[in-house]
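Please look over the sequence and the structure below before reading on.

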Amino acid sequence: MGFADFLSDAGLSMLEQWVTTRSYIAGYGPSQADVASFKALPGPPKVEKYPHAWRWYKHISSYQSEFSSLPGDPSKAYTTYGPEKSELTMNPKDTPKAAEAEEEEDDDLFGSDDESEDEEAKKKREENLAAYKKKKDGKAKPAAKTIVTLDVKPWDDETDMKQLEENLRSIEKDGVKWGASTLVPLAFGIKKLQITLVVEDEKVSLDDLQEQIAEDEDHVQSTDVAAMQKL
């Protein structure tokens, strides 16, 4: 059914949910889908309430001078994009009833308290239940990640930006995943490379990564973190 009215909390929540795992509204690069959705917003979403939507809005705003030339059908309304279903539901596993059902299921794995049982069987059941819950609680939590927008500036307008990007993407580190990129005009014909990446906080130091990028002295003048947001 597509996006709902972005003037409502429901519509903004839908946008927030949609761009949590996406850099663009549709596909792997900016398009008319982003332009239509961008123009439907009265301004940037509140970063404290909709951090991913705010990140997407700021990123797309850098393409405003190119809106008319971006691929896609400019006649389509923003409501034609987004999730197929407009309703926003809680994760069923997060609902109170689901939690109660899960507890009952855990108990059923080892028998009901209402069943008549001797002391030895009851003790064994409680031990099994405790071991199961300990194992369940000990499951590893998802690694903390951050999405970063990085600006990489060349020395001058004669710098081979294609080679610069190839050298940058050739950096392979555990916990780094390179994303979409674009060239952003600076001045005097010079363009900077703006690239997004996702890093695992426990594995990657942004300072170390920037130092490694700067080792490409033939192409890279400097690097700056333009934006970052926890996932």
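In what follows, a residue is called buried when its relative accessible area is under 20%, exposed when that area is over 50%, and partly exposed in between. By this rule D174, at 57% relative accessibility, counts as exposed. The model is predicted, and the values given here are to be read with that in mind.

The protein holds seven helices and four strands, which follow one another along the sequence in the pattern α-α-α-α-α-β-α-β-β-α-β. Of its 231 residues, 35% count as buried.

F3 and W18 are both buried. A further edge-to-face pair is formed by F38 and F67, with 5.5 Å from centre to centre and 75° between the planes. Because F38 lies in helix α2 (residues 32–40) whereas F67 lies in the loop between α3 (51–61) and α4 (96–109), this pair ties together parts that are 29 residues apart in sequence. F38 and F67 are likewise both buried. Ring pairs also link F3 and W18 with F6 and Y78 into a cluster.

The charged side chains come next. Side chains of opposite charge can pair when their charged atoms come close. Seven salt bridges are counted in this model. One of them joins D224 and K153, whose closest N and O atoms are 3.6 Å apart; D224 sits in strand β4 (residues 220–230) and K153 in strand β1, 71 residues apart.

The exposed D174 forms a salt bridge with K203, with the closest N and O atoms 3.3 Å apart. Since D174 is in the loop between α6 (161–169) and β2 and K203 in the loop between β3 and α7, the bridge ties together parts that are 29 residues apart in sequence. K203, partly exposed at 45% relative accessibility, also meets the side chain of E200 in a salt bridge of 3.5 Å, N to O. E200 counts as buried, at 19% relative accessibility. Through these shared partners D174, E200 and K203 are joined into one network.

Which residues gather in a patch of negative charge on the surface? They are D207, D208, E211, E215, E217 and D218. Among them, D208 is found in helix α7 (residues 206–214) and is partly exposed, with a relative accessible area of 45%.

Two single residues complete the tour. V152, in strand β1 (residues 145–154), is buried with a relative accessible area of 0%, and its C-alpha lies 5.7 Å from that of K192, although V152 and K192 are 40 residues apart in sequence. F188, placed in the loop between β2 (176–187) and β3 (190–200), is exposed, with a relative accessible area of 80%, and has a positive phi of about 55° although it is not a glycine.

Terms used:
Residues numbered from 1 in each chain as written. Predicted model: local features only at pLDDT ≥ 70, side-chain atom pairs only at ≥ 80, totals over all residues. Heavy atoms only, no water. Patch = residues over 30% accessible without salt bridge, like charges linked within 9 Å, V, L, I, M, F, W, Y side chains within 5 Å. Areas by Shrake-Rupley, 256 points an atom, 1.4 Å probe, with all protein chains shown as cover. Salt bridge = Lys/Arg side-chain N within 4 Å of Asp/Glu carboxyl O. Lys, Arg positive; Asp, Glu negative; His and termini not counted. Charge placed at Lys NZ, Arg CZ, Asp CG, Glu CD. Helix = DSSP H or I, 4+ residues; strand = E, 2+ residues; numbered from the N terminus. Buried < 20%, exposed > 50% of the residue type's maximum accessible area, 1.4 Å probe, protein only. Phe/Tyr/Trp six-rings, centres within 6.5 Å; stacked < 30°, edge-to-face > 60°.
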